[in-house]
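Dear colleague,

Please find below the structure that I am handing over to you. My notes on what was found in it follow directly after.

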Amino acid sequence: MDSYLDIPRVAWEADHEWHARRSFLESNQEFFSGDKLASLSMAWSNWIFMGCNYGEQVQATLEDCHARLPPEVDENIKKLLDAATPKVKFVKASGSGEDLGTRTGPPQGGKRKLNTPQEHYSKYFKKDTTESENTTTTTTTNIDVNHPNHIRGLKIYLPSKEMENQIAGESGNYILSTIGAVNESCQKCKKINEYVEEMTLDKYKCTLYVDGRMIAQSYGENKKDTKRLCAEKGLDYLKKYQEIVYKDRINHDKVTEIDKGNLVKESYENAPKIADDNLGSKLLKKMGWDGSSGVGKYSHGISEPVFVESVENRVGFGHSYDDRTVRKSSVESTLLDFLRDSKQEEIKFSKNLTKEDRALVHRLCTKYHLKHKSFGKNEDRYLLVSKQ
């Protein structure tokens with residue numbers, strides 16, 4: 001692991017972030033040292049690259065430290081962020097085709113002074129909320145955004161006809177999960193939805209709230225059907241007033257694939273070798289072992305030491321792994337390499353991973369704050385990992 005002034009590079013830090021932080025350390029080593037310098041460098045990196053905010057005293061210290069950086073470092077950061085920001089061309093909505101120029105974001109209502117690097121860089125960190133072309137097709141109906149029933153910022157995500165046919169397969173039957181559609185739409189648009197279930201005198205009652213508004217209400221003989229009916233009514237209501245996004249089948253064929261065979265092979269290749277001064281190795285050599293052939297009287301025993309792996313979950317002492325088991329060390333190494341690679345945004349773990357293998361990947365992705373989701377069913381199931 002790289003380090004500078006005895007301050008190590010963190011495992012998830014991209015190359016350009018580490019190079020910028022090294023410049024920060026070099027420029028401020030005369031004013032701070034040790035843990036304080038390391039803490040300030042991480043706070044500065046989070047401020048510049050992630051848009052984090054701190055208290056007045058800490059923020060003032062970070063601004064003073066930032067002012068000591070060489071001008072070329074600040075310029076390189078600006079160029080890097082500018083290159084990563086897509087340019088969007090705006091035209092009039094009337095269809096006249098008049099060019100309104102090229103921008104990196106929506107037009108501002110007025111100019112304001114950018115006093116700090118935080119304010120200056122904040123425009124580069126606004127995530128694009130539109131879906132990529134190969135995953136969704138957006139259909140905008142005549143939506144009145146000023147209508148009192150319209151919920152600002154909410155879109156309804158539904159599968160396209162092509163996606164419905166692919167999911168239905170040979171059976172030809174597709175039933176939309178209305179509860180799932182409402183939950184997905186609210187989750188993607190960061191809106192809170194809530195089902196309030198009550199028991200009246202003789203029936204169940206369910207009320208759907210979205211963004212604090214009551215959307216639909218239903219009554220039924222049991223809780224499950226009542227909630228499903230409430231979601232159906234709510235979805236029909238929302239489709240009248242919100243923009244609808246029709247999703248196409250997601251295609252991950254072009255994403256870099258991590259094969260199980262390579263993971264298994266890597267765990268053995270990266271296993272530490274027994275040193276010559278190892279006590280066990282010395283004892284075996286005294287008894288005639290040449291260091292390469294198998295142990296035992298006729299050299300028919302094992303030639304490599306027993307592979308030791310850290311305990312995972314409820315696996316007990318003495319558990320034997322087979323030769324096709326994916327180990328924690330190889331998955332962790334793969335994820336850390338992915339985090340360090342600033343050019344990669346997604347990787348895919350192949351379909352030949354078992355359910356237990358995917359569970360291990362999910363746990364490690366959570367540990368390193370990576371986005372992870374499984375796609376497909378049965379033998380076609382694979383796992384996609386992406387940066388947050």
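The UniProt record, an unreviewed entry, places the feature "domain: DRBM" at residues 203-240; UniProt positions are given in the numbering used here, feature names are shortened, and annotations may be inferred rather than shown by experiment. The C-alpha atoms at the ends of residues 203-240 lie 29 Å apart, and the span is 47% helix and 39% strand. Helices (H or I, at least four residues) and strands (E, at least two) are DSSP runs, numbered from the N terminus.

Please note that this is a predicted model, in which local features need pLDDT of at least 70 and side-chain atom pairs count only at pLDDT 80 or more, while totals for chains, interfaces and linings use all residues. Residues are numbered from 1 along each chain as its sequence is written, and side-chain values use heavy atoms, with hydrogens and water left out.

A cavity is a set of points, on a 1 Å grid over the protein atoms alone, where a 1.4 Å probe fits but cannot get out; lining residues have an atom within 4 Å of a point. Grid points are joined across faces, edges and corners, and the volume is the space filled by probe spheres set on the points. The volume of the largest cavity is about 30 Å³. Its lining consists of Glu-197, Glu-198, Tyr-204, Lys-205, Cys-206, Lys-223, Thr-226 and Lys-227. Two or more of the lining residues come from each of β7 (193-199), β8 (204-210) and α8 (223-241).

Regarding aromatic pairs (ring centres of Phe, Tyr and Trp, the last by its six-membered ring, within 6.5 Å; stacked under 30 degrees between planes, edge-to-face over 60, the rest tilted), the whole structure holds four. Phe-24 and Trp-44 are stacked, because their ring centres are 5.1 Å apart and their planes stand at 25°. Phe-24 belongs to helix α1 and Trp-44 to helix α2 (residues 34-50), so this pair ties together parts that are 20 residues apart in sequence. Trp-44 also pairs edge-to-face with Phe-49, at 6.4 Å centre to centre and 85° between the planes. Phe-24 is buried (under 20% relative accessible area, with exposed over 50% and partly exposed in between; 1.4 Å probe, protein chains only), at 0%. Trp-44 is likewise buried at 0%, and Phe-49 is buried at 7%.

Yours sincerely

Note on methods
1 Å grid on protein atoms, 1.4 Å probe; cavity = no way out; pocket = protein on both sides within 12 Å on 5 of 7 lines; lining within 4 Å.
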